[in-house]
Amino acid sequence: MKRQGRLVRWEAERGFGFIRSPEIPADVFVHLRDFVDRQLKPQVGMELGFDEIHVGGKGPRAMAVHAVGAAQPRARRPSTSPQARRTAADPGRRREPAASSSSSSSMLPIAVLLLGYAGLLAYGLWTVRLPPIALGVLLLVSLLTFAVYGFDKSAAQAGRWRTAESTLHLLSLAGGWPGAWCAQRLFRHKSRKASFMAVYWATVLLNIAAVAAWVGKLLPASLLAG
């Protein structure tokens, strides 16, 4: 449904904000990628036109957003070449190789870390240098971290109280970094913020180093015998 309102909040670093419209009781969530003109720099107080949608009961969201009074970008005339027709029939066909290559390259470092981490934990159990309960604790911390990321993503979209980034980093440092990585990809949350990701990877390496130091230490022979 076509609506019009005023931008009352804009988080430039995160690329989202909220529009207030007299026709809608709740503020409308808007993301930078939903603007028709990608060159437009949203500013608080700007009058915007948009299409109101509702997704998954999370409140209203704006699509096809444009500045009121601004000229609308002209639509491209579709190409009539056979290749263009095949791409139109299957939009993901032409982009699939590049997306697959990018996904594979981004998965490689984390796959190596996860395999090494799993091997480290297995070695710790085999040598009785790591108590079995530690695996359960690490799993619970990862699940908790995953849930906290999901809550923070929902809060960001609804404009509610956010979880501090320091809390997210502490959970990763405590062993929840695998759950954090899954949440970043699934919810598309925090993964594009370079400063946050730099600290995240530091917590990953520190946690692995701490586990390696714990597993690598020599236990008393009497404890191993028992």
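This is a predicted model: local features need pLDDT of at least 70, side-chain atom pairs count only at pLDDT 80 or more; totals for chains, interfaces and linings use all residues.
Quite a few of its residues are buried, among them L138, V141, V148, Y149, D152 and A155. A158, also in helix α3, is partly exposed, at a relative accessible area of 35%. The C-alpha atom of A158 sits 7.1 Å from that of K58, although 100 residues separate the two along the chain. Just after α3, G159 takes a positive phi of about 75°.

The chain then runs through the loop between α3 (132–158) and α4 (165–187), where T163 is found. With a relative accessible area of 16%, T163 falls under the 20% cut-off and so counts as buried. Setting aside neighbours within four places in sequence, T163 is in contact with V148, F151, D152 and L168.

Next comes the pairing of α4 with helix α5 (residues 194–216). Their axes come within 9 Å and cross at roughly 100°. That angle lies in the 65 to 115 degree range, so α4 and α5 are roughly perpendicular to each other. On the α4 side, the residues involved include L168, L173, W177 and W181, which meet a set in α5 that includes F196, Y200, W201 and L206. By class, this contact of α4 with α5 has 14 nonpolar, six polar and two charged residues.

Methods:
Residues are numbered from 1 along each chain as its sequence is written. Side-chain values use heavy atoms; hydrogens and water are left out. Helices (H or I, at least four residues) and strands (E, at least two) are DSSP runs, numbered from the N terminus. Buried means under 20% relative accessible area, exposed over 50%, partly exposed in between (1.4 Å probe, protein chains only). Contact means heavy atoms within 4.5 Å. Axes are lines fitted to C-alpha atoms, for helices over the stretch in contact, and angles run from 0 to 180 degrees between N-to-C directions. Angles under 35 degrees count as roughly parallel, over 145 as roughly antiparallel, 65 to 115 as roughly perpendicular and the rest as oblique. Ala, Val, Leu, Ile, Met, Phe, Trp, Tyr, Cys and Pro count as nonpolar, Asp, Glu, Lys and Arg as charged, and the others, Gly among them, as polar.
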